[in-house]
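My notes are below, after the structure itself.

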Amino acid sequence: MPVEVENWYKSIPVVTRVYLTLACLTSGAVTFEFVTPLNLYLNYRLVYEKFQIWRLLTNFLFFDRITIYLFFHLHFLYSYCRRLEEHYYHRRTGDFLCMLLFGVISMLFIAGCVYDIVFLSHSLVVMVVYIWSRPYLAGVMLGFSLMFGGVPAAAVDMIGIVVGHVFWYLADIFPRITNIELLKTPSFVSALFPDDDIGVHEEWHPAFD
């Protein structure tokens, strides 16, 4: 059994594996009181005045303590990040990482300038789901959030949907219209994943075009 678990873990694409691992470790650390959510949430005042730079990252890693809700979130993170990385971004791991970074930077901007939110982890997962299912499953998630969590919960989903739609337009639609590629992965990012150059690259097709 341990060997099977190890093989399964190693089979997860690298970016999804790192994100899933950090999310699990963060939730475990909060559950067993090594840290509290107060140490992790996004607070720009503490970032600027106290140099607590880690908050720019940790707010994307904490979903919940170890509860049934955590497993729900981790299921979506694992399932759709893996599908995107394995299929949508086959042998383009650098592009997949830059997609997530686009989401992170955009959501940090929204949280700082447009809508105050302290944890953006769910929004980032909704963005991934939107890019995969455009817009079907993300719309269903938005409806459930509105029913059970009201407007504040729906706003968290909307951030992910809006950022996902903007990314999809800039990465897929805009280049087709103008032949201009605005979102180009830097070569040093691609160089982090040399295995992507092994084998034949497949043509990229959106999950739902």
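These entries go from confidence to the salt bridges.

**Confidence.** I began with the confidence scores, since the model is a predicted one. I found that the chain averages a pLDDT of 91, with 93% of the residues scoring at least 70. Helix α4, residues 55-58, has the highest confidence, at 98, while helix α1, residues 2-11, has the lowest, at a mean of 90. I also noted residues 199-204, where pLDDT stays under 50 and for which the model has eight contacts beyond four places in sequence.

**Salt bridges.** Next I asked how many salt bridges the structure holds.

I recorded Glu6 as partly exposed, at 39% relative accessibility, whereas Lys10 is exposed, at 55%.

In helix α3, residues 44-49, I found Arg45 and Glu49 four residues apart, about one turn of the helix, and joined by a salt bridge whose closest N and O atoms are 3.6 Å apart. Arg45 is partly exposed at 47% relative accessibility, and Glu49 is exposed at 51%.

In helix α8, residues 136-178, I found Arg176 and Asp172, again four residues apart, about one turn. Their closest N and O atoms lie 3.1 Å apart in a salt bridge. Is Asp172 buried or exposed? I noted that Asp172 is buried, with a relative accessible area of 7%.

Terms used. Residues numbered from 1 in each chain as written. Predicted model: local features only at pLDDT ≥ 70, side-chain atom pairs only at ≥ 80, totals over all residues. Heavy atoms only, no water. pLDDT = per-residue confidence, 0-100. Helix = DSSP H or I, 4+ residues; strand = E, 2+ residues; numbered from the N terminus. Contact = heavy atoms within 4.5 Å. Salt bridge = Lys/Arg side-chain N within 4 Å of Asp/Glu carboxyl O. Buried < 20%, exposed > 50% of the residue type's maximum accessible area, 1.4 Å probe, protein only.
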